[in-house]
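Please look over the model shown below, with attention to its ligand site, its overall build and a few backbone details.

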Amino acid sequence: MLKKLRVGILGATGTVGQRFVQLLAEHPWFEVTALAASERSTGRTYREAVRWKLESPIPEDIGKMSVLEPKPNLDCQIIFSALDSSVAGPIEEEFARAGYAVFSNAKNHRMDEDVPILIPEVNPEHLKLIELQRAQRRWKGFIVTNGNCSTITLCMALAPLERDFGIERVLATTMQAVSGAGYPGVPSLDILGNLIPNIDGEEEKIERETKKIFGALCDKKIEPHPMTVSATTTRVAVLDGHSESVSVKLRRAASLSEIKESFRGYSSLPQELKLPTAPVHPIVLREEADRPQPRLDAHAEKGMATVVGRVRNCSVLDYKFVVLGHNTLRGAAGAAVLDAELLVAQGFWK
Ligand SMILES: NC(=O)c1ccc[n+]([C@@H]2O[C@H](COP(=O)([O-])OP(=O)(O)OC[C@H]3O[C@@H](n4cnc5c(N)ncnc54)[C@H](OP(=O)(O)O)[C@@H]3O)[C@@H](O)[C@H]2O)c1
């Protein structure tokens, strides 16, 4: 690609926004040309406005950029949205109406019938909804969403099993990191030395979004997958990386070694296309009894791999395992960047 595509980040100062800045600063196809956030930040340089929480320094050039209002007059073609869901819905629509390609992390549009929840490894064919969305809404641009961070991790682990054996039922219990709640997020006095056995709205998101992601595109809409999904969501005192304990009932009988082989051998379209942000191994299978662990494994393949371990028989369903995904990388900013890369590779901006 000769000329980089110009991208803007909405909610650039937040937890996910900072990950976008980190990932896009050195991106081979994209160049950050606009940053936007709330009134608190507008008019300040990014360095002044952001409460930077990442290990790497603020990229020099981006630190000097001004933070703008999230209005559809930004100098860019592509929008990565990390806006708080209290405001994301209408703002993202305005951008799409005005012709921008919007890749959103917010929950607001995920369940709209004409909006895909894209995981490039799992359901690239759902991108056909873009055409319908533009025609129905008379938009020049469009919205593509990411799943909820725990949904993405779960779906990545289910993808090889669905492809090789089919899935009938899923039980998932999450142990979610504090960075999943944004900044400043959960008060330290609530979470330190503790586990909170509920995250509002999260269980329904996992249950509905998973069925949509694995759903079949037919007659211009997505027919949800018939699998039954039951989720329990909890918050734990982990910084980054959502873990999930998962049990599955399969459609076709399989041996434990076939299940492990299915995880190990999984590869899909982003790997075939060698997209810049795609992990070489989308699933990393750990055989040790004490892995995956957030501190040791959340950054596998630059935080884009889904790490599976403790694969074993389940006496209630068929098999159970533990899965871990980095919530702000594979579960948010990295996922949206991969979505946009897929569209580039499919010739969308030629
Ligand atoms: N954290 C995760 O792991 C994760 C994973 C998947 C999806 N998500 C989703 O991603 C989005 C961002 O989450 P986050 O964790 O990054 O939240 P966050 O740290 O609270 O950041 C929120 C961002 O939204 C901006 N914002 C808030 N109110 C605004 C307004 N009225 N107008 C314009 N901008 C406004 C903030 O700007 P200021 O700094 O100027 O206030 C900030 O940049 C949410 O929709 C969340 O559900 C998060």
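## Ligand shell

The ligand is surrounded by 30 residues, of which the closest are Gly-11, Gly-14, Ala-37, Ser-41 and Gly-182; a residue is taken as near a molecule if its C-beta atom, placed from the backbone, lies within 6 Å of it. Two or more residues of this shell come from each of the elements α1 (15-24), α4 (85-97) and α13 (329-345), where helices (H or I, at least four residues) and strands (E, at least two) are DSSP runs numbered from the N terminus.

By class, the shell holds 12 nonpolar, 15 polar and 3 charged residues, with Ala, Val, Leu, Ile, Met, Phe, Trp, Tyr, Cys and Pro counted as nonpolar, Asp, Glu, Lys and Arg as charged, and the others, Gly among them, as polar. Domain 1 (5-148 + 333-345) and domain 2 (149-326) each give at least three residues to the shell, the domain bounds being from an automatic or database domain assignment.

## Basis of the model

This is a predicted model, in which local features need pLDDT of at least 70 and side-chain atom pairs count only at pLDDT 80 or more, while totals for chains, interfaces and linings use all residues. Residues are numbered from 1 along each chain as its sequence is written.

## Overall build

The chain has 13 helices and 15 strands. Its radius of gyration, taken over C-alpha atoms, is 19 Å, close to the 20 Å that the globule rule gives for 350 residues, so the chain is as compact as a globular protein of that length; the rule itself is 2.2 Å times the number of residues to the power 0.38. Along the principal axes, the C-alpha atoms fill a box of roughly 60 × 50 × 35 Å.

Of the 350 residues, 50% count as buried, that is, with 20 or more other C-beta atoms within 10 Å of their own, against 12 or fewer for exposed and values in between for partly exposed, with C-beta atoms placed from the backbone.

## Backbone details

A cis peptide bond, with omega about 0 degrees, joins Tyr-183 and Pro-184, and Pro-184 lies in the loop between β7 (167-176) and α7 (188-191). The bond from Arg-291 to Pro-292 is also cis, with omega near 5 degrees, and Pro-292 is placed in the loop between β13 (283-286) and α11 (294-297).

Arg-138, although not a glycine, has a positive phi of about 55 degrees; it sits in the loop between α5 (129-137) and β6 (142-145) and counts as exposed because it has 7 C-beta neighbours inside 10 Å.
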